[in-house]
Amino acid sequence: MDLLENISLAITGLLANKMRALLTMLGIIIGIAAVITIITLGNSIQGTITDTMQEMGGNNIMLMLQNRTAQMTYTVDETDLITEEMLETAQQMYPNEISAFSASESVGSGQAKDGRKYSNLSLSGVNEGYKLANNITMLAGRFINDRDMLRESQVAVISDRTAQAMFGSVEASLGGELRIYCGEEIWTFTVVGVYEYAEDSTTAMMMAMMNGMSAEADIPTNCYMPVTTSWRLSGYAEGYSQVTVIANPHVDSAQLASRLSDFFERSYYRDNVNYTVYAMSMDTIIGQMNSIMSTMSLAVSVIAGISLLVGGIGVMNIMLVSITERTREIGTRKALGATNASIRMQFIVESVIICLIGGAIGVALGIAGGTLGANLLGQPSRPTLSSIAVAVFFSMAIGVFFGYYPANKAAKMDPIEALRYE
Amino acid sequence: MTQQNNLNPESSLPAEQSPKDLIIQMNRIVKTFNIGQPNELEILHGIDLTVHRGEFLAIVGQSGAGKSTLMNIIGVLDRPTSGEYFLDGVDVANAKDQQLSSIRNAKIGFVFQTFNLIPRTTALKNVELPMLYAGVSKSERTRRAKELLELVGMGERMGHDPNELSGGQKQRVAIARAMANDPAIILADEPTGALDSVTGRMVMDLFHQLHREKGKTIVLITHSKELAAETQRIVTISDGNIVSEQRGMA
Ligand SMILES: Nc1ncnc2c1ncn2[C@@H]1O[C@H](COP(=O)(O)OP(=O)(O)OP(=O)(O)O)[C@@H](O)[C@H]1O
Ligand SMILES: [Mg+2]
């Protein structure tokens with residue numbers, strides 16, 4: 001008996017009992033949908049993280065203070081911080097490897113005001129290397145430089161939005177005076193540069209949510225000042241708890257990271273009982289992120305596997321009910337010359353069809369769910385062909401595995417007893 | 001069909017046991033149910049039966065006499081507990097399950113009292129089924145199934161499902177299905193038992209037609225003395241023994 005006949009037979013059987021077929025498939029549908037949703041969503045998140053990290057520079061290294069005792073409560077002392085001097089020495093040690101350091105210190109949110117004109121700001125102290133590490137595009141003037149750092153001058157680099165709002169145009173803002181209100185304080189800055197504000201969908205959305213969907217113009221943009229100035233104005237200790245090292249393109253960043261760790265430990269932190277400097281390359285971070293995602297995917301797969309197992313048992317149950325109901329039919333088929341093998345094949349095909357249809361519905365729901373979730377996160381949806389292929393394969397395997405026992409039971413029925421069955 | 005010859009190892013049999021026109025040859029057939037259990041029961045006590053090719057035979061007897069049991073053995077749905085059975089020259093008492101399947105498929109056409117059409121499957125597909133198991137091509141299946149349905153007067157109802165057919169119509173489809181692989185024998189166990197006398201008459205006429213025009217061997221179990229009398233030979237069974245054989249009127 002050929003396969004096509006068996007398939008059409010199975011589909012007619014399912015159509016005759018739509019509700020039952022759907023309920024039978026439910027476990028498979030849920031299991032497959034869960035896997036596909038998580039894989040799709042996971043890919044979106046993972047892809048975005050990787051993209052962002054790579055944009056930030058896969059070759060970069062994070063230097064950060066790390067507590068030796070692993071006691072989170074211990075506060076960082078001024079003497080523990082990474083100083084400008086340490087960074088300079090490091091640069092001299094590895095002149096071919098290190099291109100620049102990027103450091104930033106958040107000052108807080110503020111507002112530039114002049115009469116009725118205003119612009120919301122997010123104030124940060126930065127150094128010269130920050131521009132490199134963060135792909136900042138300058139529209140006019142210059143970025144914060146080492147001279148500004150040394151002089152602790154009150155100069156600012158503002159976004160084109162702020163320039164428009166306060167001075168009417170980018171060009172007009174250069175050399176202009178900006179009065180910034182931050183908490184209780186009022187500071188005056190001279191604008192030395194304007195950068196292009198890049199709308200980042202994630203931050204824009206988060207901001208919009210936090211500000212209760214306020215006007216687009218009210219979304220704060222970054223306003224950069226020398227990090228030394230920010231220390232002076234906010235009264236922070238002079239030093240960094242975290243610095244990004246921009247490595248030259250050809251450098252093995254993982255290797256440089258371990259060398260830097262050693263260097264800081266040897267030169268500055270050997271006698272510090274509380275803190276040391278930990279260096280981690282972006283590649284390592286991306287790798288860690290990816291491994292976290294894989295672990296999560298694995299956990300979800302286990303749950304989905306259990307759901308599929310339950311679904312498979314459901315299919316087996318309904319197949320047993322079905323062959324009991326169709327005992328006379330089986331007897332008749334045998335009287336007409338069906339071999340045991342063809343009866344077995346008929347019911348395995350039926351079970352596989354149930355699982356495949358369930359799997360297909362699950363894939364569709366999973367892609368829909370994953371896309372919805374990705375959209376909510378503002379990311380592109382990334383369903384993978386391989387996950388769909390695996391889902392289809394698993395559905396078929398479940399169909400064969402859980403259909404075999406009932407099908408074999410049908411195949412082994414005694415024809416006379418089957419024909420006499422009431 | 002040509003398959004008949006493939007399953008016919010005549011050379012292995014003594015010449016006198018296998019005259020060309022003997023299609024059923026049963027010697028001392030015994031059937032015992034529930035062997036080795038306290039309710040062990042011998043139903044057939046050594047049946048000897050021969051049927052000639054092209055014969056129309058009726059088996060009669062009281063309820064519980066063992067007619068259906070014998071019929072199942074003739075149709076190789078069941079095996080005798082002991083005895084010899086040659087069907088169209090083949091020793092089926094010792095055949096394997098798979099061989100029995102193909103013997104049923106190629107040589108036997110069953111007609112049941114309760115029709116036993118496959119539900120949710122059109123009359124056409126029902127008639128195609130034995131050919132499907134025989135591996136006949138799709139176009140040939142459909143052609144022959146249509147031809148057979150025309151023959152039994154069901155040409156107009158080919159696309160109908162069994163639940164859209166009357167009892168008489170169902171039985172005619174079942175007869176067309178029994179004819180699908182052009183079997184050597186048609187076995188009908190009370191084919192008119194579930195029908196009124198008029199439709200029963202139509203079904204009986206159909207058997208006569210198949211016997212006369214197609215030369216089919218037909219074994220008919222019936223409770224009706226009138227219908228049995230229309231056949232060529234009437235075999236009466238009582239308590240698992242053949243008690244008499246009479247010539248019929250045909
Ligand atoms: N599988 C079985 N197990 C035990 N006993 C059986 C079995 N099949 C049939 N019998 C017994 O065999 C006897 C003959 O049954 P059979 O069906 O052959 O009778 P029958 O002549 O066809 O009767 P009817 O005219 O009522 O159809 C009955 O007593 C029945 O109970
Ligand atoms: Mg009977």
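Predicted model: local features only at pLDDT ≥ 70, side-chain atom pairs only at ≥ 80, totals over all residues.
Which helices of chain A each supply at least two residues of the lining of the largest cavity? They are α1 (3-15) and α12 (327-335).

The whole structure has three cavities of 30 Å³ or more. Chain A contributes A:L9, A:T12, A:G13, A:R326, A:E329 and A:R333 to its lining. Chain B contributes B:I118, B:P119, B:R120 and B:T121. The largest share, three residues, comes from α1(A). By class, this lining has four charged, three polar and three nonpolar residues.

Two of the lining residues, A:E329 and A:R333, also pair with each other. Their side chains form a salt bridge, 3.0 Å from N to O. Both sit in helix α12 of chain A, four residues apart, about one turn of the helix. A:E329 counts as buried because its relative accessibility is 8%. A:R333 is buried as well, at 2%. Elsewhere, salt bridges that share partners join A:E5, B:K125, B:E128, B:K138 and B:R141 into one network.

A:R326, another residue of the lining, has a partner of its own. It meets A:E350 in a salt bridge of 3.1 Å, N to O. This pair links distant parts of the chain. A:E350 lies in helix α13 (residues 340-376) and A:R326 in the loop between α11 and α12, 24 residues apart. Both A:E350 and A:R326 are buried.

Over all chains there are 24 salt bridges. One of them joins A:E325 to A:R20, with the closest N and O atoms 3.1 Å apart. A:E325 is in helix α11 (residues 282-325) of chain A and A:R20 in helix α2 (residues 18-57) of chain A, so the pair ties together parts 305 residues apart in sequence. A:R20 is partly exposed, with a relative accessible area of 25%.

Now the second largest cavity. It holds about 50 Å³ of space. Its lining includes A:A335 and A:L336 from chain A, and B:F110, B:P130 and B:R177 from chain B. β6 (108-111) and α6 (167-178) of chain B each supply at least two residues. β6(B) gives the most, with three. This lining divides into seven nonpolar, three polar and one charged.

Last, the cysteines. How many disulfides does the structure hold over all chains? It holds zero. A:C223 is in no disulfide; the nearest cysteine sulfur, that of A:C182, is 10 Å away. A:C223 is buried at 1% relative accessibility. A:C355 is buried too, with a relative accessible area of 0%.

Note on methods. Residues numbered from 1 in each chain as written. Chains lettered and ligands numbered in written order. Heavy atoms only, no water. 1 Å grid on protein atoms, 1.4 Å probe; cavity = no way out; pocket = protein on both sides within 12 Å on 5 of 7 lines; lining within 4 Å. Points joined across faces, edges and corners; volume = space filled by probe spheres on them. Nonpolar A, V, L, I, M, F, W, Y, C, P; charged D, E, K, R; others polar. Disulfide = S-S within 2.5 Å. Buried < 20%, exposed > 50% of the residue type's maximum accessible area, 1.4 Å probe, protein only. Salt bridge = Lys/Arg side-chain N within 4 Å of Asp/Glu carboxyl O.
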